[in-house]
Every structure is written in C-alpha cells, then in structure tokens.
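Please have the sequence and the structure open as you read.

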Amino acid sequence: MFTHAITRKPGPDFANGLTTAVAGPPDYGLMLAQHSAYVNVLRKLKLMTVELAALPGHPDAYFVEDVAVITPEVAIITRPGAPSRQGEEAAMGLVLAQYRPLARIEAPGTLDGGDVLLVDDHCFVGISERTNAAGADQLDQILVEYGYRCTAVPVAAGLHFKSSVNWVGDKTLLVTADFANRPELADYEQIIVPEGEEAAANVLWVNGRLLIPQGYPQTKQKLLDWGADIIELNMSEAAKMDGGLTCMSLRF
Ligand code: CIR
C-alpha cells in the first residue's frame, strides 16, 4: 500500500517537452485541469500528496516518475536517458532525501523510472532508448542488497517498459501484444491490450484501485471482467507529450 505521492505541476513551457505523438499541440489549461484531477484522485485514495512547483527550463519535469525509483528501503535517483531531461533528478533528490536513504545511477548508466516496474520483490527493468544496460546493472546491484531480484526486458516498442506493461493486482500484468510472449514475463498472468488500444496499457494501481486512461472501451471491459476496481481519467494532453498515468507521480 502507498501512503505518499509526489507530483509536479506542468509548467507553461510543457509543450516544448519531448514527444513523438502526432496528435497536435497540447492545451495548457486543459493539461492543468487534467493534472489537478489526477492529483485529486490520489488524494481521494488517501495518499499524502507532495505537489512540487514547475521546474523552469525542464518542460518534461512533471513526468516525475522518470527521475526516481522508490522502494520501502531506498530511493534511487536516476540518470535520465534523454539529455534534455538530465538535471530534473537533482531537484527530486533534495525532496526524497527527506523520506529515504538515497542511491544514485551514475554515468555511463542511464535509467528512466518509466522503465522500472516493481511487483513485490521483483523488479522488471526495460532496456530502452532511455535506459541502458549499465543503468539496469547499477539498479540491480543497488536493489539486490535489499532482497530484490531484477529482470531486464528489451523494450522494442513504445517509449518505456511501462508504456506497454503494468501490474494490475495479484499475479497479473496488463500487456500490449508486443510483450505478450516475452519469456521474462512468463511467471505472470497476462491481460492483453486489444489491438489499436496500445496506449491503454499505461494503467496505475493505487491501493487496490486501478486508474485507467479514458477512451479505451475494450481494454476497460477486459479489466472489469477480470475484476479491476476502475477509476477513469482523461489523459489526452499528457498523451500528446508521450506521457500517461504512471509518469505523473512517484508513489511510495
Ligand atoms: C519524455 O519523452 O521523456 C516525456 N515527454 C514523456 C515521459 C513519459 N514518462 C513515462 O512514461 N514514465
């Protein structure tokens, strides 16, 4: 169960962030409204929210998930794989030092939190355009000290591992078809996202509830049939910046 969440307000320059999406320019007013709705849901789920101010000069900094990996024992400050995002992690280190001992990913390692999925004592780490093998190895060496085992998974589709694979409860993962047959995931039950709804894979479990993005009816039905207790949120503006539900908070 989580007790805390850290979020950061999107800045007025947020549309200058990295994106591969072709959905058109995002709207700042709508982004702020959707971000507030997201924070309000976290609060309703009884998380103590720490809401940080926008970080000038870092338009992607509200995707706070990428700059840290937090377990009950330690907070690992990452080294983001996109050069334009390096520097966001320093500000988060100052905040997280209040809650956990810190460890750090060091050069030449790179690691984005969006590539890290923790399920109990198992840590999946995606090797992607943002996370390299050196970063994944460093994470493994840090976490093994605390009794976790790490499994590296190549990310051939999507930005991050969690763009395509997320835990929904019990021993079950929601996965896109690209990841359905990966041997690294074979120990888990899988719900496969229907073709055309790949963006629906980025769901967020919070204390027994499952936050899902609005607009993906087939995935929603599959999750309801499985027994998920769903909260839907409109994520249209973050999606235009390649972000989703997991990216906009750090939970611990
Ligand atoms: C980026 O490309 O870094 C941001 N525009 C989106 C980051 C999304 N983060 C995540 O999936 N954890």
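Is Y28 buried, partly exposed or exposed? Y28 is partly exposed, with a relative accessible area of 26%, where buried means under 20% relative accessible area, exposed means over 50%, and partly exposed is in between (1.4 Å probe, protein chains only). The model is predicted, so local features need pLDDT of at least 70 and side-chain atom pairs count only at pLDDT 80 or more, whereas totals for chains, interfaces and linings use all residues. Residues are numbered from 1 along each chain as its sequence is written, and side-chain values use heavy atoms, with hydrogens and water left out.

**Aromatic pairs**

- A search of the whole structure finds 9 aromatic pairs, a pair being rings of Phe, Tyr or Trp (its six-membered ring) with centres within 6.5 Å, counted as stacked if the planes are under 30 degrees apart, as edge-to-face if over 60, and as tilted for the rest.
- F14 and Y28 form one of these pairs, a tilted one with 5.7 Å from centre to centre and 35 degrees between the planes.
- This pair links distant parts of the chain, since F14 is in the loop between strand 1 (4-8) and helix 1 (28-44) while Y28 is in helix 1, 14 residues apart; helices (H or I, at least four residues) and strands (E, at least two) are DSSP runs, numbered from the N terminus.
- F124 in strand 7 (residues 122-127) and F161 in the loop between strand 8 (149-154) and strand 9 (165-169) are 37 residues apart, and their pair links distant parts of the chain.
- F124 is buried at 0% relative accessible area, and F161 also counts as buried, at 0%.
- Ring pairs join F14, Y28, Y62 and F63 into a cluster.

**Charge over a ring**

- The charged end of K171 sits over the ring of Y188, 4.2 Å from its centre; the criterion is that NZ of Lys or CZ of Arg lies within 6 Å of the ring centre and within 35 degrees of the ring normal.

**Salt bridges**

- The structure holds 10 salt bridges, each being a side-chain nitrogen of Lys or Arg within 4 Å of a carboxyl oxygen of Asp or Glu.
- In one of them, E65 pairs with R251, and the closest N and O atoms are 3.2 Å apart.
- E65 lies in the loop between strand 2 (48-52) and strand 3 (68-70) and R251 in strand 15 (residues 250-251), so the pair ties together parts that are 186 residues apart in sequence.
- E65 is buried at 3% relative accessible area, and R251 counts as buried at 15%.
- E65, K162 and R251 are linked in a network of salt bridges.
- E88 forms a salt bridge with R85, with the closest N and O atoms 2.9 Å apart; E88 counts as buried at 3% relative accessibility, and R85 is buried at 3%.
- E232 forms a salt bridge with K220, with the closest N and O atoms 2.8 Å apart.
- E232 lies in strand 14 (residues 230-233) and K220 in helix 4 (residues 217-226), so the pair ties together parts that are 12 residues apart in sequence.
- E232 counts as partly exposed at 29% relative accessibility, and K220 counts as partly exposed at 27%.
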